[in-house]
Every structure is written in C-alpha cells, then in structure tokens.
Amino acid sequence: YSMPSTAHQVIGSLSTTSDTVGPFTYTIVAASGTNGDVFEIAGASGNTLQIATAGLSSASLSVRVRSTDAAANGGKYFEKTFTIAGVNSTPTPTPTPTPTPTPSAPNPGDSCSTSCTLQCNGTTLLQCAYTLQNQLYLQLQWKMVALSFDPCSTAQGGPTNISLSATSFSAPTASANTVVGQLSTTASVTSSFTYTIVSDASTNGDAFNISGNSLRIANAGESRTTLTVRIRSTNA
C-alpha cells in the first residue's frame, strides 16, 4: 500500500480456490500478531481488501482473512494470513554501484583493492570486492534477506505465495499420513523450496505433517470437519 495510507485504500481483490463454486464470504479474523483492525473488506462482491484507516506509515502490516463457502456446500472455511508492505509514495532510487577503476596492466607484486555495495530500500542485496594482486579477481557475495511482499523481493527471488492442490479430505481418515494435496510456491526466480508447518495457536498444525511437498493428515481416525494449518515456504 502507499504510505501514508488514505482511508479505504484498495489493496486488491480476494479469490478462493475450491472444489465447489461458492459463493464465498470473506471476513477478517482477529489473530495475535496481526493488524486486522486497520483493514476492511468491501466492494459490490464483498471481496475487496482495503486499508480502512488514513495516515498509516508502517513498513509492514498483516491481516488474516477467512473464506467461508456457502451453507449449501457445508459452510466450510479456510484462513490465510497476508503480509502487506508499505511503499513510499516517492520511492528513493536504488544507487548504482560504481567500482573504482583498476590498472589494466599491473606489474608483478602490485596489490590494489576496492569495494562497492548495492542496496534496495536500505537493505544490502549485493556486496562486491575487487582484488588485484598480479591478477584481477572478482568476488560476489549475495546477502539474501526475507522480505514478504516487499517491492524489492523480485530482485531477491523470494517466495510470494503458496498454493495447495486440494483443500479437503475424507473424514475420518482411514490411515495415518493421508495426503491432502501438493504444495507449490510462486516466486520470481526458479528455485527449490522447503515447506514447514508454523506453530500458531489459532490453527491445528499438530494434526498435519509434510513429506517433501505433500501436506498430510498425521493421524488415522481424524474426524474433525474443519482444520486449519499455517505453512512456510523457504527457498534454497
């Protein structure tokens, strides 16, 4: 969102992946560590997430949203926490590294060095060091920083969304480790991702486990009709 915020500033439209056609009702869930009180859901279809409050300038806000299926489909629901990054209305240009020129024909025994730094919104993304000692060596060291939905995250190649191929299971489960669906990650670059279950008092993480990219019901005989789980995707 643009900082400082304006009242009823639109963030985006909500949509639901499901094996039913809905319609789906979206509500904001009060969850520890989130900022649900500064958001609202509006729009003719009731699926527009907005900043309700004017004058906000936090670099990062989070909100937990519940999607509830129609009563005719059983009224099941799914919750997900979104992190919303604040962006200055007038962004500061990213400085371009300017390495110090090195001699084109060094003499044996010569030793020279210089360094440069590339930053994005104050976060160091690239550090490079040039060392000349009889020959020229170029060393690049990347410093990856986790930024959820930050404008610079595409430069870092970080994950931006997680999808699950299915969101229902047959209850009660006939055996342990029943597969619910396959996890996949949206990111700006190709990478391998590791999935872990995040402990959250408002979810049922202890009812699940993950094998590779398969989300599974851990125990046989699980008969609860609705379970929620929070998942983290970490790139290599």
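**Figure 1. The open sheet of β3, β6 and β7.** Three strands, in the order β3-β6-β7, form an open sheet with antiparallel pairing. Strands are DSSP runs (E, at least two residues), numbered from the N terminus, and two strands pair if DSSP finds at least two bridges between them. Because β3 (25-29) and β7 (77-85) stand at the edges, each with a single partner strand, one side of each is left without a neighbour in the sheet. From one strand to the next, the twist averages 30°; axes are lines fitted to C-alpha atoms, and angles run from 0 to 180 degrees between N-to-C directions. Strand β6 (residues 60-68) is joined to β7 by nine bridges. Ser-67 stands opposite Phe-78 in β7.

The model is predicted: local features need pLDDT of at least 70, side-chain atom pairs count only at pLDDT 80 or more, and totals for chains, interfaces and linings use all residues. Residues are numbered from 1 along each chain as its sequence is written, and side-chain values use heavy atoms, with hydrogens and water left out.

Figure 2. Side chains of opposite charge can pair when their charged atoms come close. A salt bridge is a side-chain nitrogen of Lys or Arg within 4 Å of a carboxyl oxygen of Asp or Glu, and the whole structure holds three. In one of them, the closest N and O atoms of Arg-64 and Glu-79 are 2.9 Å apart. This pair links strand β6 to strand β7, with the two residues 15 residues apart in the chain. Arg-64 is buried at a relative accessible area of 1%, and Glu-79 is buried at 6%; buried means under 20% relative accessible area, exposed over 50%, and partly exposed in between (1.4 Å probe, protein chains only). Glu-79 also forms a salt bridge with Arg-66, with the closest N and O atoms 2.4 Å apart. Arg-66 is partly exposed, at 24% relative accessibility.

**Figure 3. The salt bridge of Arg-224 and Glu-222.** The closest N and O atoms of Arg-224 and Glu-222 are 2.9 Å apart. Arg-224 counts as partly exposed at 40% relative accessibility, whereas Glu-222 is buried at 10%.

Figure 4. Thr-228 lies in the loop between β16 (214-217) and β17 (230-235). With 6% relative accessibility, Thr-228 counts as buried. Leaving aside neighbours within four places in sequence, Thr-228 is in contact (heavy atoms within 4.5 Å) with residues including Tyr-77, Ser-202 and Phe-208.

Conventions. Helices (H or I, at least four residues) and strands (E, at least two) are DSSP runs, numbered from the N terminus.
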